[in-house]
Amino acid sequence: MIGLFLGDTDFSETVLKKIKRLNKKYFIIDFSKNNKFKKDNNSHRISIGKFGKIISLIKEKKSKKVLFAGKIAKPKFSTLRLDLKGVYYMPGIIRAAKLGDAAIIKAIIKILDNEKIKVISSTFFNPELTVKSGNYTKLKANMSDSSSIKKGITYFNKLNSLDHVQGVIVKDDIILATEDSEGTKKMLSKLYKKSDGILIKLPKKKQDLRIDLPTIGLQTLKDCKKYGIKGIVLKSKKNILLDKTKCISFANKNKIFIKIIWKKFLF
């Protein structure tokens, strides 16, 4: 029995579909904004403030492992109703929230660890969604692109390691845009239609890689085409690429390169 903490984005649905294909026993704690898993008989809608109820459900289901998939938005703490364990744990989560979105998840993982519940990698059942280093498209980054990519990575690594930023856009060694809490689509919308920029999506240096891996899919590629992005850079085995075949085909048709870099290039 596996417990699934599922949020928004297509990744959460992809994980659930794979678990169903594998005939794994599961239950869902639905943290999505609009209760997107409500039609699933194994789904439970529980507020993040009800830690007692969450822990009781996990133990009732005799599950010793859980995974997180999809974007789990920062809650409005002032509106949360707390049970006894929520009252006990919430101050730590509120303190973590001041450091950034990733810090909230780290705090939740620590709570689960205290309760003897193990958090496994979000790609444990979907290893095929990660990609190894290499060039995946006919078009490749040129010397100027490589210089810009290094500039973008240097800038990226100076950012707060616990906030929501997982992406930057760079062109000619200049940072055109930085991702905020509204995500990649919103960042791209800030560009001119023919930006000729490079999208870099990476995990933060101190990020817990069991959760919240940077994710792109076909819709991201379509948004990149709309704003004239010439290339996408991801990190080997540390990013999620949904609909891989479709993404690569789309990139080739629209002359967008997809480059997967490895650690020595990155840091």
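Ala, Val, Leu, Ile, Met, Phe, Trp, Tyr, Cys and Pro count as nonpolar, Asp, Glu, Lys and Arg as charged, and the others as polar. With that in hand, here's a chat about this predicted model.

Q: How do the residues lining the second largest pocket divide by type?
A: The lining splits into seven nonpolar, three polar and seven charged residues. The pocket has a volume of about 400 Å³, and among the residues closest to its centre are Phe31, Arg45 and Pro75. Phe and Pro count as nonpolar and Arg as charged.

Q: What makes Phe5 and Phe68 a stacked pair?
A: Their rings sit 4.7 Å centre to centre, with 20 degrees between the planes. Phe5 is in strand S1 and Phe68 in strand S4, 63 residues apart, and both are buried.

Q: Why is the pair of Phe51 and Tyr89 called edge-to-face?
A: The centres are 5.8 Å apart, inside the 6.5 Å limit, and the planes meet at 70 degrees, which is over 60, so edge-to-face it is.

Q: Why does Tyr89 count as buried?
A: Tyr89 has 12% relative accessibility, which is under the 20% cut-off, so it counts as buried too.

Conventions:
Residues numbered from 1 in each chain as written. Predicted model: local features only at pLDDT ≥ 70, side-chain atom pairs only at ≥ 80, totals over all residues. Heavy atoms only, no water. Phe/Tyr/Trp six-rings, centres within 6.5 Å; stacked < 30°, edge-to-face > 60°. Helix = DSSP H or I, 4+ residues; strand = E, 2+ residues; numbered from the N terminus. Buried < 20%, exposed > 50% of the residue type's maximum accessible area, 1.4 Å probe, protein only. 1 Å grid on protein atoms, 1.4 Å probe; cavity = no way out; pocket = protein on both sides within 12 Å on 5 of 7 lines; lining within 4 Å. Points joined across faces, edges and corners; volume = space filled by probe spheres on them.
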